[in-house]
Amino acid sequence: MTFAAIERAVQAQGLDVIGVVDDQIVLLGPGKGFWQLFQSAPEYQDGQNDPVDRWSRRVIGDLAGQFDAAPEFPFGGPPYAPFLDWALKTGRAWQSPVGMLVHDQMGLMVSYRGALRFENALDVPRTGAEKPCQSCSAKPCLTSCPVNALNAEGYDTDACAAYLRSDEGAVCMNGCLVRRACPYSGGVHRDPAQSRLHMRSFLEGR
């Protein structure tokens with residue numbers, strides 16, 4: 001088993017390896033082909049709650065079985081696996097000016113759907129990633145929220161939800177304007193329908 005083989009199997013399921021901790025914990029997030037594959041999945045089509053979480057359990061669980069690894073997920077607790085700590089330890093994610101994580105390739109659009117935990121260390125290539133914010137002088141993330149719900153002081157979820165429920169908030173339902181403003185987020189090519197699904201889930205949970 002090689003790390004390249006793991007990457008190929010992960011990408012075939014619409015996921016990407018977006019960080020590795022201690023050469024043993026492989027963090028996974030939606031890749032470019034995720035939304036197309038997910039739309040044809042039974043979890044998307046059955047109309048039940050939490051389709052992305054259920055899809056993640058099935059797909060990442062199958063990958064874990066394929067590679068004799070233990071599946072880990074950022075949901076389903078308590079207790080919860082320490083995904084934020086893991087992300088920071090990968091050297092590919094950092095705290096952004098607005099507090100949420102920023103990724104070296106996915107910007108503020110980074111999303112962790114699960115992880116594969118291996119008993120033995122893998123031979124993982126080194127990336128030499130640098131924090132995107134170091135070369136971003138404009139820092140549009142600090143000024144992009146129409147109601148200043150997400151800024152350097154924190155995240156006002158009540159203000160965010162209230163705006164999303166307003167007529168003016170429709171523009172944010174296609175994806176948080178703060179997350180979309182990050183210059184590195186553009187490379188993710190997030191389908192607006194995918195963003196709407198996540199935004200609706202956020203509102204339903206409030």
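**Exercise 1. Find the pairing between strand 2 and strand 6, and then the other partner of strand 2 described here.**

Solution. Strand 6 covers residues 114–117, and strand 2 pairs with strand 6 in the antiparallel sense over 4 bridges. The model in which this pairing is found is a predicted one.

Next, turn to strand 1, residues 15–21. Strand 1 and strand 2 run antiparallel, and 6 bridges join them. A residue pair to look for here is D16, which stands opposite G29 in strand 2.

Last, look at the link from strand 1 to strand 2. The hairpin has 3 residues between the strands, and D22 takes a positive phi near 55°.

**Exercise 2. How many residues of strand 2 are buried?**

Solution. Strand 2 runs over residues 25–30. Of its 6 residues, 6 are buried, so by the cut-off of under 20% relative accessible area strand 2 is mostly covered.

**Exercise 3. Decide whether S111 is buried or exposed, and list its contacts.**

Solution. First locate the residue: S111 lies in the loop between strand 5 (101–103) and strand 6. Then apply the cut-off. S111 has a relative accessible area of 17%, and buried means under 20%, so S111 is buried.

For the contacts, leave aside the neighbours within four places in sequence. S111 is then in contact with I18, L28, G29 and P30.

**Exercise 4. Compare the span of helix 4 with the expected span, and name its buried residues.**

Solution. Helix 4 takes in residues 51–66, which is 16 residues. At 1.5 Å a residue, a span of 22 Å is expected. From the first C-alpha to the last, helix 4 reaches 23 Å, close to that value.

Now go along the helix and pick out the buried positions. They are P51, V52, W55, S56, V59, I60, L63 and A64. After the helix comes D68, whose phi is positive, near 55°.

**Exercise 5. How many cavities of 30 Å³ or more are there, and which classes of residue line the largest cavity?**

Solution. The count comes to 1 cavity of 30 Å³ or more. The space in the largest cavity is about 110 Å³.

Its lining consists of 13 residues, and those nearest the centre are C133, C136, C141, C182 and P183. Sorted by class, the lining has 11 nonpolar residues, 1 polar and 1 charged.

Notes:
Residues are numbered from 1 along each chain as its sequence is written. This is a predicted model: local features need pLDDT of at least 70, side-chain atom pairs count only at pLDDT 80 or more; totals for chains, interfaces and linings use all residues. Side-chain values use heavy atoms; hydrogens and water are left out. Helices (H or I, at least four residues) and strands (E, at least two) are DSSP runs, numbered from the N terminus. The expected span of a helix is 1.5 Å times one less than its number of residues. Buried means under 20% relative accessible area, exposed over 50%, partly exposed in between (1.4 Å probe, protein chains only). Two strands pair if DSSP finds at least two bridges between them. On a 1 Å grid over the protein atoms alone, a cavity is a set of points where a 1.4 Å probe fits but cannot get out, and a pocket is an open set with protein on both sides within 12 Å along at least five of seven lines; lining residues have an atom within 4 Å of a point. Grid points are joined across faces, edges and corners, and a volume is the space filled by probe spheres set on the points. Ala, Val, Leu, Ile, Met, Phe, Trp, Tyr, Cys and Pro count as nonpolar, Asp, Glu, Lys and Arg as charged, and the others, Gly among them, as polar. Contact means heavy atoms within 4.5 Å.
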